[in-house]
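Me: Can you walk me through this one? I'll ask as I look.

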Amino acid sequence: MAEKLIKALVIKVDSKSEPGGIEYKWDSLTSRMPTFTKNIITPAIGVDKEGKSEVNIGAIVSGMPTVFARSNLFLNALNAITDKTAEVDGLLGFYKSLVDEWRGFISCLALNYQDIEVKRIHLAYSDGKKLTETENIYEPKGAFGNVLFERKPLWCDQTLSSNSAKIPFIDVVRYNGQVVGGTSPESFLFTSVSYQLSEKEPFVNFKNRSFTDPLNSDLQPEQLNTLYGYVKFLNNNIERFRLQFEGLSDLLKPRYDNINGNLQDWLKEMETFAQKKGFKIKEQIPEVTKFENPFSILFNHSTELYGCNGVIYNDSREPGVIPFDPKNLLLAEGTELAQIVFWKGRKSECKFSAKSFYLYPAGRNKGRERVF
Amino acid sequence: MNDKLFVISVGGTGMRCLEAFTHLCAIGMFDDQEIEVLTLDTDQSNGNKDKVEKLIDLYSRIKKSDGKSSPNADTFFSAKLNLYKFWTNYEGAGRENYRNISKLNSGTADQQEENRLLSDLFLERGTVQDFNLAHGYRAQTHLGSHLMYHGIIEAARSLALGKDIKVEEKELESFLGKLEKAGSEARVFIFGSVFGGTGASSIPVLPKAFKDAIEIRSNGKSTLDLSKTKFGSTLLTEYFSFKKPDMKQMSTKDDSVVADSSFFPLNSQAALQFYQSDPTVQSTYKRLYHIGWPIESKPLGEEKKDEKTITGGANQKNPCHITEMICACAAYDFFTRQDGLDNPKAEYVYKAIEFDKSTYNFDFNDFVGNENKAGQIFANRLGAFLSLAHIILSKNGAATKDEKGTKAFINFLAAQKLPEYVAISDDETIEIDNYMKAFAYTFDSQKFIPGWIYQIRSSVSPGRFMFNDKAFSFTSKELGDLDVGALFLEDKHHWDKSAFSGRYDTFCKTLINKGWPKSDQKVNNLKEKFLAHIYNATTLSQNF
């Protein structure tokens, strides 16, 4: 007698991920869910490597039952796409295009930060009332905050004291006046459901008018230097950003291993790109100062330093420090360097030999330049 | 098990699962239970919703006598079902779509700007923000989950105020009152799909919505402890497809978003990934039953040549499918299990079925398991009910219009010296006839109309479905010649016959001489006694 074959009554899934099952019983799928859901077989929808598709796949993938679906999709994408070169289709193809968009968004911050505006929106009703009393319970600001449910603490400012009213927020990012995305504690950034860019920049996909990884374009050496420096800077800040969530429950604590891996891969891809183009990367970190805490930890880079009693700090938390921008100490544009010899004898006998000078013009006298 | 049972069906697919659940109640699978049932939709006119609500009304009328009804044990129609209907109302000016209900053009300039920024960040302008909500959420579950949660909260606020309470809000209040009273002793099972619109939108938010609604309704004096109240749900993925919407239909603003079944797998995948990782789902549910259909499914609506894809409304009535019955059996597992419901995080479970030559073969044990003879009990009850359906519909002609099958059977028994049941009124017997038609089949003139169990069997075909093929005869002649005592695959469960007497006659003799209802069956009125008597006699005849 032939052996009885049983087959799981589940969604169509890749054979290697199909659970076996136990005859007549409900069997647990809990531990296998991540692999199982990743390997669900979906129809090919023809997303090319730049995320271009005959259909608007962003609109199709509407099955994630939270108004924060767009943000969640970026988290899923960053977790699912660990090998950018792997051939994928269906939802994974879409995720791949989202990762490409995510990199493009970061590139926009790095390369065109001056055209970026960030507006913080607190997810609470405008009238300041609670769900039970507010006039319009459907008002997006309050209503979206309500449906964060268990995730609410994650979307709040973690630096506030425990007895402060914690209100979740989103930093909405505009690029040249257009809403292009927002911040998320889980994926750092996500793009909006429908934005259309017309800027001719290496991080803009001219076909579908969305963000794209500029390594797909002709990136100039200076741009590569800046992007490389910023991505490295961002990656170095992840751990400090993560630490702020340590007080949350295990269900909520974000994990950034895959983001970290993605950024590291990206840096390697940039090195390969530079090698192919014959560039030598010289890291430059752009001055980005648009974000508020806590996203400032990740995205802001400033050369501002802090001084106290002649000692220079890079941390504002040192007591009594005064901020200053070292840029302001640089010589003015057009300054020329000149050598002035004060003493021709022994160096140790010259009291100025170890000092630096700045000379101010003091007019001309008898046809000669005088300076202080 | 002493927990109080609650069932919630959401959206079109949820309604069909509830239909299956109601039939499980009719065959007697939920002995001695009073179950609170809530139908929840955005679409009051939804065909599937209307169908199941009528079925439950019919079920309840069969149980009722002199306006009273109570649960019984070990008999047909043993559970008492209390039906409540709630729908989120999007009719009326200012409620037609997201843009209007959110009042995006209200408030100060700053408020308007912020609300628009947020909306544009998450919901597409021109489509998701603007489609007509009257026919549900159209697979836009990101919008739907937000609207369903706030729809329930809106009703709770109205109840707390106590003014201008709408009929559907009143029904929700009754349901919430029962849930609040049961508290940590409640087991709540939710039927819905993860690939469609309303059901898929609602499953993640319902436990929180009910908790918050109970708090609001009671002005903070009462709550629901979600760590103790046991919530379970189906995670049913796509098992049918329907006509693809055309560009002409989608060009109108109201229909700018129409569900396209070819993208159901994508939505299911996105949804399952959400369910696996969402902390709210994980902490509010105890057990989630994933059910899918990994083989080819028959497309719906091909014969009708519908001009448009049906987005909802009265035209949304789809044939029943075996996966819906498995969902009903998931509720059976959730309601009857003794362990596994005190876990802090949701457990995800699935089932495997015998598979041969690209088809599934269903055995009785596949539905309810084989522990404590559950599969045998199920086989006995379903077999007995199907036999009774054939007796009423074919042996006594109820499948043909204007014939009173149950009455004819009662009169036949009276002629055979069993006159006890002649006092059951014509109206009451017609209700039993009508239930059997819904369960099994009827004829419209000469056209055979399959009922629930026939449609379920058809969805499995050519695979095996518990009974032999003759049990699902569909021509007048075959049904007229049908041996109603020989429906099982195994001969040992066929009713006895002798050289002088066929199985049906032998059964009638058993009915006349044996099988009188016992006190532990808790039957109270004549109709219940009649049904219990037939149940007992069939049980004796089937040799389980």
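What follows goes from the chain contact to a sheet and then to some helices.

Me: Ground rules before we start?

Reply: This is a predicted model: local features need pLDDT of at least 70, side-chain atom pairs count only at pLDDT 80 or more, and totals for chains, interfaces and linings use all residues. Residues are numbered from 1 along each chain as its sequence is written, and chains are lettered from A and ligands numbered from 1 in the order in which they are written.

Me: Which strands pair between chain A and chain B?

Reply: S2 (26–28) of chain A and S7 (347–356) of chain B, antiparallel, over three bridges. A:Trp26 has B:Lys351 as its bridge partner. Pairing needs at least two DSSP bridges. Strands (E, at least two residues) and helices (H or I, at least four) are DSSP runs, numbered from the N terminus.

Me: What is the strand order in the open sheet of chain A?

Reply: S3-S4-S5-S6, with antiparallel pairing. S3 (116–122) and S6 (188–191) of chain A are at the edges; each has a single partner strand, so one side of each lacks a neighbour in the sheet. The twist averages 30° from one strand to the next. Angles run from 0 to 180 degrees between N-to-C directions, and axes are lines fitted to C-alpha atoms, for helices over the stretch in contact.

Me: Which helix lies across it?

Reply: H4 (90–111) of chain A lies across S3, S4, S5 and S6 of chain A, at about 110° to S6(A).

Me: Switching to chain B. Which residues of H15 are buried?

Reply: In H15 (405–415) of chain B, B:Gly405, B:Thr406, B:Lys407, B:Phe409, B:Ile410 and B:Leu413. Buried means 20 or more other C-beta atoms within 10 Å of the residue's own, with C-beta atoms placed from the backbone.

Me: What covers them?

Reply: The cover includes H14 (374–395), H16 (426–439) and H19 (503–513) of chain B.

Me: How far apart are the axes of H2(B) and H16(B)?

Reply: 9 Å, with H2 (47–63) of chain B packing on H16(B) at about 140°.

Methods
Two residues are in contact if their C-beta atoms, placed from the backbone, lie within 7 Å. A residue is buried if 20 or more other C-beta atoms lie within 10 Å of its own, exposed if 12 or fewer, and partly exposed in between; C-beta atoms are placed from the backbone.
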